[in-house]
Amino acid sequence: MSAPKKVVLAYSGGLDTSIILKWLQTEYGCEVITYTADLGQGEELEPARAKALMLGIKEENIHILDVREEFVKDFVFPMFRANALYEGLYLLGTSIARPLISKHLVEIAHKHGADAVAHGATGKGNDQVRFELSALALDPSIRVIAPWREWDLTSRTKLLEFAEANQIPIAKNKRGEAPFSVDANLLHTSSEGTVLEDPGVEAPDYVAQRIVQVEDAPDTPEFIEVTFEKGDAVAINGEAMSPATILTKLNEYGAKHGIGMLDFVENRFVGMKSRGVYETPGGTILLEAHRGIEQITLDSGAGHLKDSIMPRYAELIYNGFWFSPEREALQALIDKTQEYVTGTVRLKLYKGVARTVARWSDYSLYSEKHVTFEEDAGAYDQKDAAGFIRLNALRLKLIATRNARVADKG
């Protein structure tokens, strides 16, 4: 395959992607364009621009985009309408960011007439799959370069030697083995590797990046109210906010109260198991609140159907199929169920737990006159239950009769 002429690199400004930037230049002799996404990772991104300039990238070829609102509105919120959890626990914080990054990689490639995009994901993880499936779904002719699958820089020592040989600055804490690897965005922070690789050893307290330890959380509970419109959060405590602002505020509440820490051994798409520590403070609150408003506004048939497809939907996102027709089809079904998921939920935040304590809506299906233990003024005739039970018991009675008959013959 001929060498690419222009490559758009997903660039964080860190050591690994800086090495990749220089490697692309030296290996292929190509022009490199950098794309750095502000996903709310909580760090200054302008140093990435300075480092790219230092490594010879033209100013017009450096792209740093604030995509926080797009991330929450078009990716996080649709996912939360589904109450998506991978393997019943993981809120998919890393997974959901990758299709957005890929989307902009492809758009920038088109803008510059680039013939390839590149990423810094390793050949062992899920992100390589997510980046590449997304890019190819958006542009089937785009070439994707994954240096970790091509180069011979197979150890931290070799990476550092390459960096030093090419005058790439090395942060002092990168000399030697880092305690763990961190990926962050507005939805979550994930920590993996080294000190976390043995699932039989408890994660050290210092692994936590944004959430206080439960033992250090306030001894007094805090109550908040989250308002939804058609399945999406639109206000906190009566104050309307943008999607990214809502998630930012929920993150503050969750971090303060020690909410959203998960120590998880998951099944990667490539076949191996991995252990990570995930911090999703705002997302954990949002999931609880969304479940709370669905309890009174969502019909049982629609709700149970949505719950039944949720594992498949979550798996699609985890495996990198955000832009697949099956994810879009499931999304259409999920979004239809959210038509009347509008109202307000009150939550109690205390010592690592977000718990729904009240919920109300103009679209509520809850009928107190039907469910009351007091006089219901004829709203419900309890005698109707007898025929209902007899009809539902009929097939069970026929099965039991058949089994008894067969047993007698035996």
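The chain is divided into domain 1 (6-75 + 93-174) and domain 2 (181-298 + 340-360), with bounds taken from an automatic or database domain assignment. The model is predicted, so that local features need pLDDT of at least 70 and side-chain atom pairs count only at pLDDT 80 or more, whereas totals for chains, interfaces and linings use all residues. Residues are numbered from 1 along each chain as its sequence is written, and side-chain values use heavy atoms, with hydrogens and water left out.

Taken over C-alpha atoms, the centres of domain 1 and domain 2 are separated by 28 Å. The contact (heavy atoms within 4.5 Å) takes 18 residues from domain 1 and 17 residues from domain 2. The area buried between the domains is about 1,400 Å², of which carbon and sulfur atoms give 60%; buried area is the accessible area (1.4 Å probe) that two parts lose on being put together, summed over both. In domain 1, Glu-69, Val-72 and Asn-126 lose the most area to domain 2, together 31% of what that side buries.

One salt bridge is found across the interface, a salt bridge being a side-chain nitrogen of Lys or Arg within 4 Å of a carboxyl oxygen of Asp or Glu. Asp-183 forms a salt bridge with Arg-98, and their closest N and O atoms are 3.2 Å apart.

On the side of domain 1 that touches domain 2, two or more residues are given by each of α3 (68-81) and α5 (127-138), helices being DSSP runs (H or I, at least four residues) numbered from the N terminus. The most comes from α3, with five residues.
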